[in-house]
Amino acid sequence: MGSTPAGATAPKLEYAFTWDAVATPVHNVGTQMVWNVTSIDMHGPDIKGSSVSPAGDWITIMPNGVWYLDVRFSVLLDDGSHAYCHYNGIGDMTPEQIETIQSGGTIPGDEMYFYSTPYFQTDSEKHAWLGRHVFLGCMREFGSGKVIYDVFKVAGGAK
């Protein structure tokens, strides 16, 4: 990687919320893993919600072991409205970490590369900010069927 060009600025991230999710693998088809996401609790300083069925995670495992995520679900928000979320991401774990996950163990997020880019659609006036920002999901903990993401809003702009 080269040096940063003059005038380039990194985006600012603001903590938005945390997701606590439970998912179980359903089956594999070739390089595709299908997961049933059974629950997602969303909580942060300005938002609270929980998932409503259906919710799923389709993971493509590349020959080099990298996981490409394709996750889709809806949440019932604290104001009674719904938000639809979809995200892609990348998980890059060592063979030993994958073995830990498969044997029921847990890996801290700071020991792996596991990030996502959630996008939202909602009719909620209270939570309209969800549809007006890009988010970055940072894995805090993964394993034993549980996933904890800290999600940050890319700050800036007029809204």
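Visitor: Which residue of S9 stands opposite Phe 142?

Guide: Val 147 stands there, facing Phe 142. Please keep in mind that this is a predicted model, where local features need pLDDT of at least 70 and side-chain atom pairs count only at pLDDT 80 or more, while totals for chains, interfaces and linings use all residues. Residues are numbered from 1 along each chain as its sequence is written, and side-chain values use heavy atoms, leaving out hydrogens and water.

Visitor: How do you know that strand S8 and S9 pair?

Guide: Two strands pair if DSSP finds at least two bridges between them. Strand S8 (residues 135-143) is joined to S9 by 8 bridges, so the pair meets that rule. The two run antiparallel, and they form a hairpin with 2 residues between them. Ser 144 in that turn has a positive phi of about 55°.

Visitor: What makes strand S1 a partner of strand S9 as well?

Guide: Here the count is 10 bridges, in the antiparallel sense, between S1 (residues 12-29) and S9 (residues 146-155). Trp 19 stands opposite Tyr 149 in S9.

Visitor: What makes up the list of helices and strands in the protein?

Guide: The elements are DSSP runs numbered from the N terminus: helices are H or I with at least four residues, and strands are E with at least two. By that rule the protein has 1 helix and 9 strands, and from the N terminus on they run β-β-β-β-β-α-β-β-β-β.

Visitor: Why is Gly 44 called partly exposed?

Guide: Buried means under 20% relative accessible area and exposed over 50%, with partly exposed in between (1.4 Å probe, protein chains only). Gly 44 has 26% relative accessibility, so it counts as partly exposed. This glycine lies in strand S2 (residues 32-44). Across the whole protein, buried residues make up 39% of the 159 residues.

Visitor: What does Gly 44 touch, not counting residues up to four places away in sequence?

Guide: With contact meaning heavy atoms within 4.5 Å, Gly 44 touches Tyr 15, Ala 16 and Phe 17. Its C-alpha atom is separated by 9.5 Å from that of Asp 150, 106 residues apart along the chain.

Visitor: How do you know that the radius of gyration agrees with a compact globule?

Guide: The radius is taken over C-alpha atoms, and the globule rule is 2.2 Å times the number of residues to the power 0.38. For 159 residues a compact globule would come out near 15 Å, and the protein has 16 Å, so the two agree.
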